[in-house]
2 protein chains.
Amino acid sequence: MNAPLYARTRRASVGALGEAALIARIRRWLGAASPRPPAGIGDDCAVLPPLLGRQLVTVDPLIQGIHFDRRTPAPAAGAKLLKRNLSDIAAMGGRPRAAVIALALDPRVSVAWLGGFYRGLARESRRHRVPIVGGDVATLPGAFVATLTLIGSAAGRVLTRTGGRRGDWIYVTGRLGRSLATGHHHRFQPRLAEGAWLARRPEVRAMLDVSDGLAKDLWALTPRGLAPAVYGPLLPRRAGASVAEAMGDGEDYELLFCVAAGARRGPFEAAWRRAFPGERLTCVGRLVRANSVPPGALVPGDFHGYEHLR
Amino acid sequence: MNAPLYARTRRASVGALGEAALIARIRRWLGAASPRPPAGIGDDCAVLPPLLGRQLVTVDPLIQGIHFDRRTPAPAAGAKLLKRNLSDIAAMGGRPRAAVIALALDPRVSVAWLGGFYRGLARESRRHRVPIVGGDVATLPGAFVATLTLIGSAAGRVLTRTGGRRGDWIYVTGRLGRSLATGHHHRFQPRLAEGAWLARRPEVRAMLDVSDGLAKDLWALTPRGLAPAVYGPLLPRRAGASVAEAMGDGEDYELLFCVAAGARRGPFEAAWRRAFPGERLTCVGRLVRANSVPPGALVPGDFHGYEHLR
């Protein structure tokens with residue numbers, strides 16, 4: 001039985017605790033995940049040591065009713081907030097460095113639930129050595145929105161979404177579909193090691209993470225004038241997932257990338273297996289000319305990815 | 001007459017526009033304030049060039065009903081979101097570099113209102129040369145929350161909140177009180193030049209910006225064992241503001257700082273007047289031993305600063 005988001009009594013709510021006591025609790029819940037100011041929470045800004053090289057910045061929220069619900073344990077919700085952002089850093093081949101979190105919440109939110117949330121966040125933060133260096137708390141009647149901004153660094157090459165060309169092979173890690181139904185949406189591990197490895201492989205030309213569903217995210221990988229030709233039987237589906245679910249469910253947090261048409265796929269795949277034994281890697285199709293999609297290929301427009309702002 | 005936040009018809013709402021078209025509009029509204037990817041909006045992360053020296057990171061939201069209401073023009077709301085964060089960078093003596101923005105909003109929000117919001121944000125972004133490099137859009141029924149994370153750099157010394165000592169003089173820039181009533185809360189200009197100047201003055205020991213009200217923010221400047229002794233008649237009040245309003249209203253976005261007890265205040269104040277002619281600078285009191293607050297000094301505990309999570 002998961003703790004409920006809203007407290008049953010006023011005494012058990014963050015509103016009763018008050019702002020100063022809440023911030024003190026947050027620092028305690030974060031523990032070692034939160035350095036002391038000025039490197040951490042407690043001043044107007046967090047102060048970070050110099051970072052060498054280019055930086056990556058990404059921001060993603062976690063909203064009650066959209067990204068988690070009563071079936072999601074509070075610690076899993078906290079971990080998911082960081083992992084969603086880690087997945088974006090992974091998708092460019094980067095390393096995460098530091099995070100800030102802005103909380104906007106109803107004063108009736110339960111202190112116990114929020115403690116679970118922050119402890120889950122702290123565990124994930126320690127696992128990936130990403131300190132939570134700052135934040136903000138504000139009142140938002142009837143809602144819970146936590147917004148995390150993650151700063152990362154580019155170890156070497158940054159893999160963007162553009163760069164795919166005609167004939168390139170389309171690969172995806174892991175399995176797709178039924179992420180919400182199976183709890184994968186909060187249990188996944190962001191593909192940081194895989195992303196960094198792929199960014200070092202010259203045959204990999206473009207990459208992103210599958211968050212809105214393959215059908216939608218494939219288009220982000222496809223240059224103008226081309227189309228993705230992917231095949232239903234090739235799709236690595238999660239147990240019980242249909243092709244439509246693998247194409248459209250989203251929240252897979254897998255890596256989707258292009259391998260150069262002329263690359264030697266055998267050695268590439270063998271190197272992957274040595275680096276990540278047991279981690280599935282699947283070629284699901286190719287980038288083709290928009291007017292010459294082969295019969296039998298799925299038409300991504302027939303499937304619906306996750307549409308924000310419905 | 002300000003445009004309303006919510007559209008009168010579905011056709012005029014962001015929900016009718018849909019996600020892809022909305023993001024295209026946001027890029028158009030931002031214009032030159034938004035560089036092309038990978039340096040700007042459009043990939044998993046924004047890629048920033050290397051920054052020399054230490055970095056500053058701050059995050060603050062703008063929430064409908066809390067930080068703006070129907071009296072606030074949409075462009076002023078957009079500008080305020082950036083300026084709130086700029087004020088935090090100013091309070092440490094830093095320079096702003098780049099921002100990301102996460103939008104969580106009801107699909108019924110008006111496209112026209114949101115256009116005004118982003119154009120106001122873009123104008124402020126260009127004025128301070130802070131590109132908007134990335135973002136996220138998510139659905140949040142019944143609300144509008146925009147969260148901006150600002151990355152800055154420390155030119156030299158970083159002025160933190162700690163560092164004040166017994167006998168230090170307490171100074172504040174500008175005037176205090178009635179920020180909401182007068183519209184100052186969205187018309188203010190963040191004190192970036194002043195903050196950078198103060199960070200270069202060795203006699204300035206600690207600084208923060210007055211956002212939650214002087215009564216509350218004074219304590220953040222006061223080391224344990226000391227108390228701020230400030231005097232009502234000394235407070236620089238906005239026209240019509242009472243002492244209680246100057247102490248407690250908040251959203252002043254002025255700089256509050258300590259000058260070393262032994263400093264020569266005359267030359268310091270003269271240098272300020274040369275650097276910022278016409279900008280008010282007021283000594284409002286001193287840091288004293290907690291058990292020896294002089295009679296006549298205000299007791300900050302008698303006034304209420306802005307309490308989040310009421």
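Two strands are said to pair if DSSP finds at least two bridges between them, and the helices (H or I, at least four residues) and strands (E, at least two) named here are DSSP runs, numbered from the N terminus. The model is a predicted one, in which local features need pLDDT of at least 70, side-chain atom pairs count only at pLDDT 80 or more, and totals for chains, interfaces and linings use all residues. Residues are numbered from 1 along each chain as its sequence is written, while chains are lettered from A and ligands numbered from 1 in the order in which they are written.

**Confidence**

The predictor's confidence in each residue is pLDDT, which runs from 0 to 100; chain A averages 94 on this scale, and 99% of its residues score at least 70. For the model, the scores are ipTM 0.94 and pTM 0.95.

**Sheets**

In chain A, five strands form an open sheet in the order E7-E9-E6-E10-E8, and the pairing is antiparallel. At its edges stand strand E7 (204–210) and strand E8 (226–230) of chain A, each of which pairs on one side only. Neighbouring strands of this sheet are turned by 25° against each other on average, direction ignored, where axes are lines fitted to C-alpha atoms, for helices over the stretch in contact, and angles run from 0 to 180 degrees between N-to-C directions.

Another open sheet of five strands takes in both chains, with the order E4(A)-E3(A)-E5(A)-E2(A)-E1(B) and mixed pairing. Strand E4 (132–139) of chain A and E1 of chain B are at the edges and have a single partner strand each, so one side of each is left without a neighbour in the sheet. Here the neighbouring strands are turned by 20° against each other on average, direction ignored. Helix H3 of chain A packs on this sheet, touching E2, E3 and E5 of chain A, and its direction makes about 145° with that of E2(A); residues are in contact if their C-beta atoms, placed from the backbone, lie within 7 Å.

| Strands | Bridges | Facing residues |
|---|---|---|
| E2 (residues 55–63) of chain A and E1 (residues 46–48) of chain B | three bridges | A:Leu56 and B:Val47 |

**Helix packing**

Two packed helices are described by the angle between their axes and the distance between the axes. The axes of helix H3 (residues 74–90) and helix H4 (residues 111–127) of chain A come within 6 Å and cross at roughly 45°, which makes H3(A) oblique to H4(A). Angles under 35 degrees count as roughly parallel, over 145 as roughly antiparallel, 65 to 115 as roughly perpendicular and the rest as oblique. Among the residues that make this contact are A:Ala74, A:Gly78 and A:Leu82 of H3(A) and A:Trp113, A:Phe117 and A:Leu121 of H4(A). The residues of the contact divide into eleven nonpolar, four polar and four charged, where Ala, Val, Leu, Ile, Met, Phe, Trp, Tyr, Cys and Pro count as nonpolar, Asp, Glu, Lys and Arg as charged, and the others, Gly among them, as polar.

In chain B, helix H3 (residues 74–90) and helix H7 (residues 192–199) pack at an angle of about 10°, with their axes 8 Å apart, which makes H3(B) roughly parallel to H7(B). In this packing, B:Leu86, B:Ile89 and B:Ala90 of H3(B) meet B:Leu192, B:Glu194 and B:Gly195 of H7(B), and these residues divide into four nonpolar, one polar and one charged.

**Contact between the chains**

The contact takes 62 residues from chain A and 62 residues from chain B. On the side of chain B that touches chain A, strand E2 (residues 55–63) of chain B gives the most, with eight residues. By class, that side has 36 nonpolar, 15 polar and eleven charged residues.

**Backbone details**

A cis peptide bond, with omega about 5°, joins A:Pro37 and A:Pro38, and A:Pro38 lies in the loop between helix H2 (19–30) and strand E1 (46–48) of chain A. In chain B, the peptide bond from B:Pro37 to B:Pro38 is cis, with omega near 5°. B:Arg129 has a positive phi of about 55° although it is not a glycine, and its place is in the loop between helix H4 (111–127) and strand E4 (132–139) of chain B.

Notes:
Contact = placed C-beta atoms within 7 Å.
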